[in-house]
Every structure is written in C-alpha cells, then in structure tokens.
Amino acid sequence: MLHVRSIWNGAISFGLVSIPIKLVNATESHSISFRQIHTEDGGRIRYRKFCELEDREVTQGEIGKGYEDADGTIIPITEEDLSSLPLPTAKTIEIVAFVPADRIDPLQMDAAYYLQAGGAPAAKPYTLLREALKRSNKVAIAKFALRGRERLGMLRVVGEAIAMHGLLWPDEVRAPEGLAPDSHVTVRDQELDLADALMDTLGEVDLEDLHDEYREAVEEVIAAKAAGEAPPQAPEPATGGKVLDLMAALESSVRAARESRGEEAEHAEVKSLPQRKTARAAPKQTGGKKSTSTAKKTAAKKTTAAKNSTAKSGQGQGQGTTKKAASKSTAKKTTAKKSASRKRTA
C-alpha cells in the first residue's frame, strides 16, 4: 500500500455520483540536490526575506500573496479570497467528458497523481468508475482547482487504481511553427530502409532496465570525496571524424547496434539494397566463356563473310562463262567469213 501524504482532499463528481478521494503524487524525484556554499570556508549561503519598507527580515507567518497591477500597485489577496471563489471545482474533480486516449496530445501532459479512495463509503463508487473506464477503453476529462488555479486533468486506470494526469490547457501548448527543416529536403528509399533496419536492430527495451547513470556517477564522486579519495575520472570520449555521408552513418549505426547486442559479425554486415532496373547494357564478361550475344555476333559475321565469298565466287564463274561464250561467238564469225571468201574465189 502506498503511504504518501495527500496534497489535496475532495471528491470526484461523476454525474450525480460523488466519490470522496485523496490526491497524492504519483511520481518522485531522485535528483541529487546541492546547497550553495561559500567556497573559501564552506559556509552555507542562505537567502533571507526582507521587507522593503521596513528594511528588516520577516518570518514566514508574516508573508502573504499580492498581485502586482500594471502600474506597480500591489493588490493583497488572502487565502479566504481564494477559498471563496465561485468555482464548482474548488474541492471537486468534475468529470466533463469521456474520450479515446489517443485524442490527448502527449504535449499537454503535466504532473501525475493517484486518486485514493477516501474511506469505506468511497469504495463502491470508486470501483464502479474504475471498471467503467476499463470497459470503455476511454479516459475521463475533468476540471479541478489546485494551488490557486483551475486545471484540466485526464483520469485513467493504472493497475487497480485511478490515476490523474494534469493537462495543460490547449492554448498553453505552443505550435511548432518554423522549427521543422526545409520542406524541400528529400529522403531516399534506401535511407529509409536503413533507418528501419536500425530501428529493428535496436528493438524494444524494458523501461525497468533503464536507470540514471548521471546520478550514479555523482553519487560515486560524493562517496569518494567523503572518504578522502580522488574522484573517478571520466573516460576519454571517442573522437570520430565528421560523418558527411548519411548512408555510411546509418550503415555504421546498424553494425554497431548489432555488435552491441552480441550478434555475430557476419550478421552485422549491411547488405546493399537492390538497384532499380535501368536501360543500361549488361557489363561484358571478362575471361571464361564468351557471352551468347558475342557468339551470335561472331556467327553472323562468319555467315556474312561466307555469303560474300560465295557471291564473289559465283560472280567470277559468271564472268568466265561469259568470256568463253564470247570466244565461241568470235570463232563462229571468223569461220563464216572464211567460208564466204572461199565461195567467191571459186
């Protein structure tokens, strides 16, 4: 059971149902706090509260609240003034709506609290609200007043208890205008693939395994100095060259993440992504058998040469036949002339 002093007592207003509750802090800080000291003698430095008009130190019981107007006038505000404010949420966490959890922007989330049932009469309505939230898979949006101002809250189930997250009002969250990089920046698919690979390699983590290493280091320094020993020295930071190639940085990150998880080196290699098909010709093969296209080209050349040779041969044969025919024709003409000459002589 959580034994923490309540910081606010009131009730949850759930329609006409009123649930008495106590508000307790759901978180605690483990940060190491330091005191301000005088470096010459180690004396504590303290801040004292003085009244400007009387020029004297005043006690905490003499200190109240005041609002400074635009002209510098101080308007005193008493606790009675604040306690009598006409607000229904002064002592009540008033539920105004139930919405899906993803409707709440994490930027709005502020401090977290647990709502503790205020005694036996609150057990039944408290359990009813808790089970209703569970079954609906929704969160309750509520308004409440705390530390002098009305606030917005989100109620959800944590274990068997109801927790409330303080929410900033929507107009208290700044818009991220002008903070994003130039919209003309282009991210390639290969870079996204490597980023996905890095995310997969890092995987998930159990938040219970994470701890504050800075706080532990400070505790070691304090313990060493308290024992009169020299404080531990920080290791020299690794000096690496400036990485200008985003792809190389991603590949190195994937490899380092896999090695840190104890994976074998062969699995730490980042495979090249398949290149897109282009109209470029396939590279020539060096050594070994000639490619099919080369063989086809050679065969085509041989065929053409053979045809040319055959054509020339045929052409030569044709020319020889023509010459022989011309000789026979000349011989016939000569014989005819001789015969005619013989007849005339007779």
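Which residues are exposed on the other side of helix H2? Lys124 and Arg135 are exposed there. Here, exposed means over 50% relative accessible area, buried means under 20%, and partly exposed lies in between (1.4 Å probe, protein chains only). The model is predicted: local features need pLDDT of at least 70, side-chain atom pairs count only at pLDDT 80 or more, and totals for chains, interfaces and linings use all residues. Residues are numbered from 1 along each chain as its sequence is written, and side-chain values use heavy atoms, with hydrogens and water left out.

Helices (H or I, at least four residues) and strands (E, at least two) are DSSP runs, numbered from the N terminus. H2 covers residues 123–136. Its 14 residues reach 20 Å from first C-alpha to last, close to the 20 Å expected. The expected span is 1.5 Å times one less than the number of residues. Pro125, Tyr126, Leu129, Arg130 and Leu133 are buried in H2. Seen down the helix axis, the buried residues fall within an arc of 140°, so they line one face. The arc is that of the directions from the axis to the C-beta atoms. Asparagine 137 follows H2 and has a positive phi, near 55°.

Strand E11 (residues 161–167) is mostly covered, with six of its seven residues buried. Strands pair if DSSP finds at least two bridges between them. E11 pairs with strand E8 (residues 109–117) in the antiparallel sense over five bridges. Tyrosine 114 has alanine 163 in E11 as its bridge partner. Strand E10 (residues 149–158) also runs antiparallel to E11, joined by seven bridges. There, valine 158 stands opposite alanine 161. E10 and E11 form a hairpin with two residues between them. Glycine 159, in the turn, has a positive phi of about 65°.
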